[in-house]
Amino acid sequence: MDTTDLPEENELIQRLINHDQQLFVTVVKAWHPSLYSVAAAIVGHSIADEVVQEAWVSVIKALPKFEGRSALKTWVTRIVANEAKNRYRKKSRSVSLESVDENWSTDSRMVSDPRFDSSGHWNQRNPAWDIGSPDELLAAGELQDCVDKHLTRLPDQQKYIMELRDSAGMGMEEICNILEVSSSNARVLLHRARDKIQQVVAKFQRTGEC
Amino acid sequence: MLSCKHLVEQASEYIDEEMSTGKRVQVKLHLFVCVSCRRYMKQLKLTIAMLGRKHHHQAPEEMCHHLLKEYQKAE
Ligand SMILES: [Zn+2]
């Protein structure tokens, strides 16, 4: 998680309670990427900023009563998740449970994977990539457009778990609590999403096509 | 021995270090002898690192202003 030059926990809490305005804005900015991921994972991207903002308003009110039983960031994250869940409930009464369950299910796991033969060996030797660092991957514009395209196509729950884990850096236990999913399901969904993106990059490396 | 397909399916658990020691040893043995899986593991790690640096959504200025006002009000 983000710890960009913030003071250590006790000092952070004291200064925030004592209305250090500059520090407050720094914290809002530093934590936004991961708080945003949490909100977006639950309510989608269109109102994620709004949810984070509302959650901060609650945090401001509750801060003097903060008891320090968990880290401040964990506490704030939980408030964001609760705010998002409330919105989600209001918004999603029309969404059928069936479609939600289908997304969460891990039964649809592909039995046959074209990469492997019937005995589970690679059909073709897995070629090495030309690109060897994450920064080089990120600098390849067309590749990133391709990755973005496939990210938006991932089933929501896969995408959310991957965002929380790999973008926001949250622990699996916390993710499971927030999204109310079992840890075995979460692991399968996380891996499926990562594996999909690995295949997207691999195909692009091999063919130059998305 | 662990098949390549199985190894690929368990690669995230291995990378996230959520694997029992027994399973870890199996994976390591397989990686030792299989270049395709070694590459896959490296590529998956690279993919995860890339995802970690992508889409870092910044706090909108408007939101920071609004929250600062709320924060000042609470004083
Ligand atoms: Zn193998």
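Colleague: Axes being lines fitted to C-alpha atoms, for helices over the stretch in contact, and angles running from 0 to 180 degrees between N-to-C directions, at what angle do helix H8 of chain A and helix H4 of chain B cross?

Modeller: At roughly 85°, where the axes of H8 (residues 156–167) of chain A and H4 (residues 35–53) of chain B come within 8 Å. That makes H8(A) roughly perpendicular to H4(B) (65 to 115 degrees). Helices are DSSP runs of H or I, at least four residues, numbered from the N terminus. Keep in mind that this is a predicted model, with local features needing pLDDT of at least 70 and side-chain atom pairs pLDDT 80 or more, while totals for chains, interfaces and linings use all residues. Residues are numbered from 1 along each chain, chains are lettered from A and ligands numbered from 1 as written, and side-chain values use heavy atoms, without hydrogens or water.

Colleague: Which residues meet there?

Modeller: On the H8(A) side, Met162(A), Asp166(A) and Ser167(A); on the H4(B) side, Ile48(B), Leu51(B) and Gly52(B) (contact: heavy atoms within 4.5 Å).

Colleague: Switching topic: what holds the zinc ion?

Modeller: Cys4(B), Cys34(B) and Cys37(B) each give SG and His30(B) gives NE2, at 2.0 to 2.4 Å. Donors are N, O and S atoms within 2.8 Å of the metal (3.2 Å for Na, K and Ca). Their sequence spacing is C-x25-H-x3-C-x2-C.

Colleague: And what's the geometry?

Modeller: Tetrahedral, with angles of 102 to 113° among the four donor atoms; the label needs all angles between 85 and 135 degrees.

Colleague: Is His30(B) buried or exposed?

Modeller: Buried (under 20% relative accessible area, 1.4 Å probe, protein chains only), at 2%. Cys34(B) is buried too, at 13%.

Colleague: How many helices does chain A have?

Modeller: Chain A has 10 helices and zero strands (E runs of at least two residues).

Terms used. Parallel < 35°, antiparallel > 145°, perpendicular 65-115°, else oblique. Tetrahedral: all angles 85-135°; square planar, octahedral: opposite > 155°, others 65-115°. Buried < 20%, exposed > 50% of the residue type's maximum accessible area, 1.4 Å probe, protein only.
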